[in-house]
Amino acid sequence: MELVLKRPVGKPPCICIKFGSSYEASRQHCVLPNEHHSSQFFVRFVLGRNERLDMVVLEEGYKIPYRYENLKYSAEKLRRFLVETAGNASFNFCHIITVKNKDEVVYTQYKRKMWVIKLSGVELKQTS
């Protein structure tokens, strides 16, 4: 899995997880857009030893974390994204795959909803 950060014109900044297959992308944590699409979430990036990056998606008011571990990422792109979007009150989060050299949002299994949820914030936590 790879972290992809986008700044689309006219839309909130977008945090994406790129998967190798639509099957995996459509199934992982699909309860979020299928059952909790109107809820607010936030993302915590956890930077660990050896520059390992994990990401945790938390639904406000609930304590169930949805984890994405050991993501491929560019440290410079993540740093720049966090600095440039520091004042934003909303973000989108989605699952994507690459089809014919273009990133596309996947649809969830079963309910066939676009795998996109709204985020109210993003934070970075460093562990030792």
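In the hairpin formed by β6 and β7, where two residues lie between the strands, K100 adopts a positive phi near 50 degrees. The model is predicted, so that local features require pLDDT of at least 70 and side-chain atom pairs count only at pLDDT 80 or more, whereas totals for chains, interfaces and linings use all residues. Residues are numbered from 1 along each chain as its sequence is written, and side-chain values use heavy atoms, with hydrogens and water left out.

Strands β6 (residues 91-99) and β7 (residues 102-105) run antiparallel and are joined by four bridges, strands being DSSP runs of E of at least two residues, numbered from the N terminus, and pairing requiring at least two DSSP bridges. Within this pair, I96 stands opposite V105 of β7. I97, also located in β6, is buried at a relative accessible area of 14% (buried meaning under 20%, with a 1.4 Å probe and protein chains only). Beyond residues up to four places away in sequence, I97 touches F19, S21, S22, A25, K102, D103, E104 and V106, contact being defined as heavy atoms within 4.5 Å.

D54, found in strand β4 (residues 53-59), is likewise buried, with a relative accessible area of 13%. The side chain of D54 makes a polar contact with the side chain of R52 at 3.0 Å and reaches the backbone nitrogen of N70 at 2.7 Å; a polar contact is a pair of N or O atoms within 3.5 Å, of which, within protein, one must be able to donate a hydrogen and the other to accept it, and residues adjacent in sequence count only if both atoms are side-chain atoms.

Terms used
Buried < 20%, exposed > 50% of the residue type's maximum accessible area, 1.4 Å probe, protein only.
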